[in-house]
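Okay, everyone, let's get the model up on the screen.

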Amino acid sequence: MRNPQVAEVVLALGVKTQLPAGVFRYRVHLGKEVREYFGKCQSHYAVVTNVRIDENQLSCRGATIASSESMSHAVIYEYCDWVKGVIHIHNLALWQNLLYRVPTTAKGVPYGSPEMAYSIIDLLKTTDLQQQRIFVMEGHEEGVFTFGSSLEEAASVILHWLKEVGLGA
């Protein structure tokens, strides 16, 4: 990985800006209603302050523990400098329909692990994942990730595939 230190992945969504010495910061730009909700309910999110894949370390601050998939979100932002939004959903029917139809992480790789982060990096380097903007985590049943230049774009990828496989309107 080019930069093993990633700073402040808030809710694992956001707008990325380059900081000195190769450190990255991600900030969320949320709608008014969401800002008001999270302003009142800070116990629902954490700020990831550091990710070191090689050492299997993730540091965060806040009233809750960061998602086990924060490392997976971080590698997408790191390897795709154009990405401004990443979405991770759980949907068994979509997962089953997309398994090996879209880029799929290596079999047997546990979610939330450095191995999963490296499997995602491998997909980014060896498949058309950056064009498809969706992948399935074989080692994380129901786990589907999408990403895009905005959260809206990442969400539109999910909606497209739900419709494509007959699960959405």
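So, H2 and H4 cross in a right-handed way, meaning that the near helix is turned clockwise from the far one by less than a right angle. Quick caveat: this is a predicted model, where local features need pLDDT of at least 70, side-chain atom pairs count only at pLDDT 80 or more, and totals for chains, interfaces and linings use all residues. Residues are numbered from 1 along each chain as its sequence is written, and side-chain values use heavy atoms, with hydrogens and water left out.

Back to the pair. The axes of H2 (residues 70-79) and H4 (residues 114-126) come within 9 Å and cross at roughly 30 degrees. The two are therefore roughly parallel to each other, which is the word for angles under 35 degrees.

Who makes the contact (heavy atoms within 4.5 Å)? From H2 we have Met71, Ser72, Val75, Ile76 and Tyr79, and from H4 Pro114, Met116, Ala117, Ile120, Ile121, Leu124 and Lys125. By class, that's 10 nonpolar, 1 polar and 1 charged.

How much of H2 is buried, that is, under 20% relative accessible area? The answer is 10 of its 10 residues, including His73 and Glu78.

Conventions. Axes are lines fitted to C-alpha atoms, for helices over the stretch in contact, and angles run from 0 to 180 degrees between N-to-C directions. Helices (H or I, at least four residues) and strands (E, at least two) are DSSP runs, numbered from the N terminus. Angles under 35 degrees count as roughly parallel, over 145 as roughly antiparallel, 65 to 115 as roughly perpendicular and the rest as oblique. Contact means heavy atoms within 4.5 Å. Ala, Val, Leu, Ile, Met, Phe, Trp, Tyr, Cys and Pro count as nonpolar, Asp, Glu, Lys and Arg as charged, and the others, Gly among them, as polar. Buried means under 20% relative accessible area, exposed over 50%, partly exposed in between (1.4 Å probe, protein chains only).
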